[in-house]
Amino acid sequence: MKKLTILVVLFFVIISYNAFSQQTDPNNGLRHIMTAEEAAYSYRIALGFIETPPPSGAIRNVEEFGNNDGVLIRYPFGIPMSLIKELSLDAKLTTVVANSSQQSTVTSQYLSAGVNLDNCNFLITPSDSYWTRDYGPWYVTFGNKEVGIVDFPYNRPRPNDDDIPKVLATSLGIPWFGMNVIHTGGNYMTNGISQASSTTLVWDENPTQTHPEIAQKIHDYLGIDNYMVEQDPNGTYIDHIDCWGKFLAPDKILIRKVPSTHPQYAEIEATATFFASQLSSYGTHYKVYRVNTPNDEPYSNSFILKDKVCVPIMGTSNDAAALLAYQQAMPGYRVFGFLGLTGTAAWVSTDALHCRTHEMADLGMLMISHTPLHDTVDAQTCFDVNADITAFSNQLIYPDSVWTIFRVNSGTWDTVTMTHTTGDRWTACIPGQLEGASIAYYIHAEDASNRSSNHPYIGAPDPHTFFVRISENAKMVISPDTLMYNTADEIINGKTAVLANYSTLGIGINQVENEGISPFAWHIDPWTLTLPYTLQPGNTVELKVKPVLPLPGATSMLCDSLRIIAEDISYNIMLCINPLFLTGNNPAQDISNVITYPNPTSGSVTFMFENKKNSFVSIEIYSMTGELVAAPLKQDLTGGSKSVFWNGNNLNGEKLPAGIYFYRISQGNSYKTGKLSIIR
């Protein structure tokens with residue numbers, strides 16, 4: 001029961017039953033597979049298709065998990081209304097309708113279902129089916145901050161569907177490019193940085209072109225340097241890649257998993273092994289994540305839009321594990337599960353949620369291109385971070401909002417302002433750290449079009465990471481280098497710093513200044529070192545640091561340092577205590593599983609927690625000086641999973657400035673506390 005509750009909190013699982021009944025076949029007899037009648041005139045595919053010159057300049061294929069702000073769907077629908085409603089909350093919803101009468105019908109349905117009509121628009125044009133993934137547009141950036149659509153002959157003789165990308169390009173006022181490679185969107189995925197993959201279906205459907213010729217066109221029109229074409233491991237009729245795999249990031253891919261008794265087990269495992277052996281665009285091997293599909297569930301056929309992952313679920317006990325697999329692979333994203341419709345529109349293993357939705361690029365995107373530091377890096381005084389940041393809106397990029405945000409050894413986040421050098425290039429320096437340190441970071445930028453972007457896309461929940469190489473003559477490494485005391489328990493029990501010797505020689509610790517000078521004293525308890533003390537190679541020693549009680553009265557953060565002198569080198573551990581949270585009882589036992597998302601944030605925050613009993617609960621936001629600046633919640637709550645939205649405003653209804661804040665979730669005289677970073 002506890003695990004189920006946690007899943008509900010973490011993944012916002014939405015069990016969506018039919019919002020309306022589908023009275024007729026929405027595709028008028030057409031199926032995902034080509035019908036026998038269609039096969040009789042399949043020669044019409046690509047007939048009369050006129051290939052255009054490719055886009056100019058540097059070309060980048062916009063990825064599903066990247067700079068998109070909308071979704072393309074078609075009426076009659078193949079997806080539940082609850083999914084449509086969820087997508088409309090913070091993304092543009094473009095619905096293909098045949099005429100104004102259908103538009104009125106859809107508008108009425110949207111209004112009744114609570115769909116956000118402010119984010120809705122319509123593309124009035126005939127269509128044949130709801131598989132917008134298969135015939136929809138492929139977006140590229142090219143030239144001088146331009147966005148266009150690359151089209152292809154749809155691998156079905158469905159002329160209305162095949163025309164959608166061209167009609168959409170005209171509607172949006174952006175260029176349309178025709179690439180004469182018969183294809184389908186369900187059999188194509190890109191990581192957004194010069195790599196893409198399909199099954200050998202693309203070769204089978206283009207017999208008049210050689211494999212190198214196909215790869216060359218994929219390069220010329222989509223900017224793909226490494227086009228990975230693989231046998232379909234599922235062995236099904238459809239041969240679509242989204243039935244078994246999905247890029248989640250430039251260096252991540254999700255592959256379905258089946259029991260060893262499954263007839264396709266060997267083929268699916270071989271595919272997972274193949275991708276694990278490939279180098280991503282970052283120069284690292286792909287991180288391969290697995291989602292269990294023991295009954296051929298279509299869990300890989302999901303849709304990513306902004307920070308949401310929408311997963312088709314089947315109403316079985318396997319759903320929870322599938323949602324958990326996505327959350328583990330994509331920390332910080334909001335993962336939702338949706339049941340399909342009934343009848344011909346039900347989810348099946350070869351046709352589900354991804355097949356019936358298509359992302360639409362943000363034409364004014366703020367794009368950050370960056371090859372991250374990774375693995376192990378030599379120690380240096382400065383770790384250079386370089387990025388190309390492009391505002392496709394042609395609006396000013398705010399110089400004081402372009403940051404590299406980093407932390408060391410899971411400590412507190414710190415910020416370095418990036419400097420504009422030339423063109424789109426920005427650079428920053430993460431200060432040098434001790435050998436053995438683990439450094440996590442991400443890049444943030446904002447522009448005058450009110451857009452903000454992170455790299456990686458989700459920012460702090462899943463940052464880039466690298467380690468400082470430990471040399472053969474390394475000295476002592478201290479972890480963590482900052483101890484933060486935020487609760488009474490931490491004050492009473494102390495917090496531990498670990499000293500480690502990674503060198504081949506013993507290190508003599510000569511002095512530990514364990515009594516603070518100002519504003520209060522510290523001591524190490526228990527004291528286990530007889531100075532001078534020799535820390536032998538490969539050994540560690542723990543120092544449990546406690547402040548000397550009683551503490552002085554204060555309303556702001558109190559900080560001091562603990563100095564350790566080892567031979568001729570002095571090391572400092574920062575020690576900070578927040579007196580604001582040291583009154584009352586120990587941290588609440590009836591409030592648990594607290595999550596703040598996003599954190600850091602440039603705007604709103606959602607507080608998620610488990611309230612174990614009916615009680616009065618408050619959420620308060622304090623500045624570093626102890627001033628109460630916001631109060632998102634003060635009310636009676638029932639027990640259970642809670643989600644509280646805060647718009648980032650202070651007590652006067654104004655946006656809080658950038659900085660470090662503390663939140664306190666209180667229940668009676670007990671509380672849970674944490675740090676909250678606001679970036680602008």
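First, a cut-off I need: buried means under 20% relative accessible area, exposed means over 50%, and partly exposed is what falls in between. I also note that this is a predicted model.

I looked up Ala-46, which has 25% relative accessibility, so I log Ala-46 as partly exposed. Its phi is near 70 degrees, a positive value in a residue that isn't glycine. I find Ala-46 in the loop between α2 (36-40) and β1 (60-61).

Next I checked Asn-450. Its phi is also near 70 degrees, again positive in a residue other than glycine. Asn-450 sits in the loop between β25 (438-446) and β26 (452-455). With a relative accessible area of 74%, Asn-450 goes down as exposed.

**Cis peptide bonds.** I looked at two prolines here. The bond from Asp-525 to Pro-526 is cis, with omega near 5 degrees. The bond from Leu-531 to Pro-532 is cis too, with omega near -5 degrees. I placed Pro-526 in the loop between β32 (522-524) and β33 (533-535). Pro-532 belongs to the loop between β32 and β33 as well.

**Nonpolar cores.** Which residues touch the most other members of the largest nonpolar core? I get Val-309, Tyr-326 and Met-330, out of 33 residues in that core. Then I asked which elements give two or more residues to it, and wrote down β11 (245-249), β12 (252-257), α9 (265-277), β15 (308-313), α10 (319-329) and β16 (334-339). The biggest giver is α10, with 5 residues.

Apart from this core I found another, of 25 residues, including Ile-507, Ile-509, Leu-562 and Ile-564.

I then followed Tyr-326 on its own. Leaving out residues up to four places away in sequence, I list its contacts as Lys-246, Leu-248, Leu-254, Tyr-299, Ser-300, Ser-302, Val-309, Val-311 and Val-335.

**A four-stranded sheet.** I traced an open sheet of 4 strands in the order β4-β3-β2-β17, with mixed pairing.

Gly-70 is opposite Lys-92 in β3. I also looked at what lies across the strands: helix α4 (residues 100-113) lies across β2, β3 and β4, and runs at about 155 degrees to β4.

**Empty space inside.** Rolling a probe the size of a water molecule over the atoms shows where empty space is left. How many cavities of 30 Å³ or more does the structure hold? I count 1. The largest cavity holds about 250 Å³ of space. It is lined by 22 residues, and closest to its centre are Glu-64, Arg-133, Tyr-188, Met-189 and Glu-359. For the elements giving two or more residues to that lining, I noted β5 (138-142), β8 (189-190), β11 and β17.

Technical notes: Residues numbered from 1 in each chain as written. Predicted model: local features only at pLDDT ≥ 70, side-chain atom pairs only at ≥ 80, totals over all residues. Heavy atoms only, no water. Core = buried A, V, L, I, M, F, W, Y, C linked by side-chain atoms within 4.5 Å. Buried < 20%, exposed > 50% of the residue type's maximum accessible area, 1.4 Å probe, protein only. Contact = heavy atoms within 4.5 Å. Pairing = 2+ DSSP bridges. Axes fitted to C-alpha atoms, helices over the stretch in contact; angles between N-to-C directions. 1 Å grid on protein atoms, 1.4 Å probe; cavity = no way out; pocket = protein on both sides within 12 Å on 5 of 7 lines; lining within 4 Å. Points joined across faces, edges and corners; volume = space filled by probe spheres on them.
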